[in-house]
Amino acid sequence: MLAYKYDFDISNLYPLMGKEKDFIPNLWSVFSFKAVLLNALSVIYSLSPFFFTKILIDIRRINKDRMRILEQKSKLLLENISVEKAFLKAQLNPHFLFNTLNNLYRLTLKKDDTAPKVVLNLSEIMGYTLYDSDAEYVSLAKELDFIENYFSLEKMRYPKSYQIELNIEGLAHAHALTIAPLLTFTLIENAFKYGLKNEEKSFVILTIHISKDQVAFKIKNDKDVFNTVKTPSFTGIGIKNLQKRLQLIYPNQSDLHIIDSSNEFSVALNIALQHD
């Protein structure tokens, strides 16, 4: 018999080869492609639970590492936003406070009746930046109060012939919505800082339209036609920080457009907001 001639029993391969139990194969049938393939599949099948378990363990470990990295990245981004927000507050307090106090001093010398209103506006602005803006989200109504107070105080610095307007539409929806604090402050500050330079037509116009779950923010200001250098307000760190905040806080929920034309700058920002 062939099996005994080569001193090993190959009868255990018969079922895999699809042969009857009493069939004795020759050497060629044992090493045929079909026999080798079926036995290889048998070995793979017997080891598959171990490989499958290892694959599951590796996938779980990879996902765990990935989640840890994402968590660390999110934490760093949040810390960065906190630093940026603190920078905004620090930037607002000295510069803005200095100008406002100068205006207030001028009003008190003239015994102007608007001086108490200026003090109240300044008090509300400082209270908002020092306390309310530390929260992750604030009421949209509070953010709008801050913008109105800021506009009112900035408007005092310029002649009445300058077109400085703030238009808010859909204010009734503001109390039910929340927004990240000081989100648009950079845009407003830039408009006053780099605008109002055109002697023929100086303007800063801010329009805010509020709907049930969205706010549309659009601000534009004149441009110094004699200055050919690109204004830093649209290329500086303030805009970059705003873009990063929008990507992190409002991913796929915000739309920012910046237009730098020959005679004006304009920014349009739409944000889908959360309900309070």
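## Helix α5 and Gly127

G127 is a residue of helix α5, which spans residues 115-130. The structure described here is a predicted model. With a relative accessible area of 23%, G127 is partly exposed, because this class lies between the limits of 20% for buried and 50% for exposed residues. G127 and F146 are 19 residues apart along the chain, and their C-alpha atoms are separated by 9.6 Å.

## The nonpolar core

In soluble globular proteins, nonpolar side chains tend to be buried together. In this model, the largest nonpolar core has 47 residues. The members that touch the most other members are I188, F192, I219, Y250 and I271. Helix α6, residues 140-155, gives the most to this core, with 8 residues.

Which residues does I188 contact, leaving aside its neighbours within four places in sequence? The partners of I188 are I147, Y150, F151, L206, F217 and I219.

## Packing of helices α6 and α7

Two packed helices are described by the angle between their axes and the distance between the axes. Helix α6 packs with helix α7, which covers residues 185-194, at an angle of about 10°. The axes of α6 and α7 are 12 Å apart. Angles under 35 degrees count as roughly parallel, and therefore α6 is described as roughly parallel to α7.

Several residues from each helix take part in this meeting. From α6 come F146, I147, Y150, F151 and E154, while α7 supplies F185, I188, E189 and F192.

One joins E154 to the side chain of Y150 at 2.9 Å. Another joins the side chains of E154 and R157 at 2.7 Å.

## The three-stranded sheet

An open sheet is formed by 3 strands in the order β1-β3-β8, with antiparallel pairing. Strands β1 (138-139) and β8 (274-275) are the edge strands, and each pairs on one side only.

Strand β3 comprises residues 177-179 and pairs with β8 in the antiparallel sense over 2 bridges. Within this arrangement, L177 stands opposite H275 in β8.

## Loop residues on either side of β3

G170 is located in the loop between β2 (163-169) and β3. Its relative accessible area is 30%, so G170 is partly exposed. The C-alpha atoms of G170 and V215 are separated by 9.3 Å, although these residues are 45 residues apart along the chain.

L182 belongs to the loop between β3 and α7. L182 is buried, because its relative accessible area of 1% is under the 20% limit.

Most residues other than glycine have a negative phi, and most peptide bonds are trans. L182 is not a glycine, yet its phi is positive, at about 60°. N252 is likewise a residue other than glycine with a positive phi, in this case near 60°.

Where is N252 placed? N252 is in the loop between α8 (237-249) and β6 (254-260). The relative accessibility of N252 is 86%, so this residue counts as exposed, whereas L182, at 1%, is buried.

Notes: Residues are numbered from 1 along each chain as its sequence is written. This is a predicted model: local features need pLDDT of at least 70, side-chain atom pairs count only at pLDDT 80 or more; totals for chains, interfaces and linings use all residues. Side-chain values use heavy atoms; hydrogens and water are left out. A nonpolar core is a set of buried Ala, Val, Leu, Ile, Met, Phe, Trp, Tyr and Cys residues joined through side-chain atoms within 4.5 Å. Buried means under 20% relative accessible area, exposed over 50%, partly exposed in between (1.4 Å probe, protein chains only). Helices (H or I, at least four residues) and strands (E, at least two) are DSSP runs, numbered from the N terminus. Contact means heavy atoms within 4.5 Å. A polar contact is a pair of N or O atoms within 3.5 Å; within protein, one must be able to donate a hydrogen and the other to accept it, and residues adjacent in sequence count only if both atoms are side-chain atoms. Two strands pair if DSSP finds at least two bridges between them. Axes are lines fitted to C-alpha atoms, for helices over the stretch in contact, and angles run from 0 to 180 degrees between N-to-C directions. Angles under 35 degrees count as roughly parallel, over 145 as roughly antiparallel, 65 to 115 as roughly perpendicular and the rest as oblique.
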